[in-house]
Amino acid sequence: MSTIPITKHGAELLKQELHNLKHVERPSVINSISEARAQGDLSENAEYDAAKEKQAFIEGRIQELEGKLAAAQIIDPSTLDVEGRIVFGATVEIEDLENGKKATYQIVGDDEADLEANKISISSPIARALIGKEEGDVATFSSPGGSREVEILNVKYI
């Protein structure tokens with residue numbers, strides 16, 4: 001089984017979701033199923049069917065989260081000693097050489113990626129182009145609009 005890189009923060013979020021599913025959602029849906037059973041005929045009971053469907057989703061998500069956490073390789077960027085190179089977990093400030101726009105992104109695992117929170121997936125084209133580079137380097141990557149170049153302005157491990 002291969003490991004999945006995840007930041008310390010990302011692992012905590014998965015653990016919180018798992019705890020919520022096991023200790024809040026699961027008992028709630030079990031209660032809903034019992035209430036629906038008490039109403040009698042299950043063959044035409046929409047509440048029962050909906051509760052069973054929700055239970056199946058919750059159980060599937062619990063299994064998925066447990067699998068991800070078991071395979072997770074938790075990486076704390078603040079403990080890395082990579083001499084200024086961009087690696088998984090690094091926070092990178094870049095400037096688009098074509099339009100001068102600046103942006104700051106953290107390179108995270110696929111499950112943590114959230115563009116609105118400035119977190120890009122390690123498997124995205126821009127992250128793959130940035131990995132291994134240092135402050136001052138130029139990275140080239142393919143985007144839907146064609147080839148793009150960005151200059152690396154700053155690299156942090158927070």
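Guide: Start with the element names: helices (H or I, at least four residues) and strands (E, at least two) are DSSP runs, numbered from the N terminus. Asparagine 118, for example, is found in the loop between β4 (102-108) and β5 (119-121). This is a predicted model, in which local features need pLDDT of at least 70, side-chain atom pairs count only at pLDDT 80 or more, and totals for chains, interfaces and linings use all residues. Residues are numbered from 1 along each chain as its sequence is written, and side-chain values use heavy atoms, with hydrogens and water left out.

Visitor: What is the phi of asparagine 118?

Guide: Asparagine 118 is not a glycine, yet its phi is positive, about 60°. Glutamate 83, in the loop between β2 (72-75) and β3 (91-96), also is a residue other than glycine, and its phi is near 55°, a positive value.

Visitor: Is glutamate 83 buried or exposed?

Guide: Buried means under 20% relative accessible area, exposed over 50%, and partly exposed in between, with a 1.4 Å probe and protein chains only. Glutamate 83 has a relative accessible area of 67%, so it is exposed. Asparagine 118, at 38%, is partly exposed. Glycine 132 is also in a loop, between α3 (125-130) and β6 (138-143), and its 41% relative accessibility counts as partly exposed.

Visitor: Which residues are buried in α1?

Guide: They are Gly10, Ala11, Leu14, Leu18, Leu21, Val29, Ile33 and Ala36. At leucine 21 the helix α1 also bends by about 40°; the bend at a residue is the angle between axes fitted to the seven residues ending there and the seven starting there.

Visitor: How are two packed helices described?

Guide: By the angle between their axes and the distance between the axes. Axes are lines fitted to C-alpha atoms, for helices over the stretch in contact, and angles run from 0 to 180 degrees between N-to-C directions. Here the axes of α1 (residues 8-38) and α2 (residues 46-71) come within 9 Å and cross at roughly 160°. Angles under 35 degrees count as roughly parallel, over 145 as roughly antiparallel, 65 to 115 as roughly perpendicular and the rest as oblique. α1 and α2 are therefore roughly antiparallel to each other.

Visitor: What residue classes make up the contact of α1 with α2?

Guide: The contact has 14 nonpolar, two polar and 13 charged residues. Nonpolar covers Ala, Val, Leu, Ile, Met, Phe, Trp, Tyr, Cys and Pro; charged covers Asp, Glu, Lys and Arg; the others, Gly among them, count as polar.
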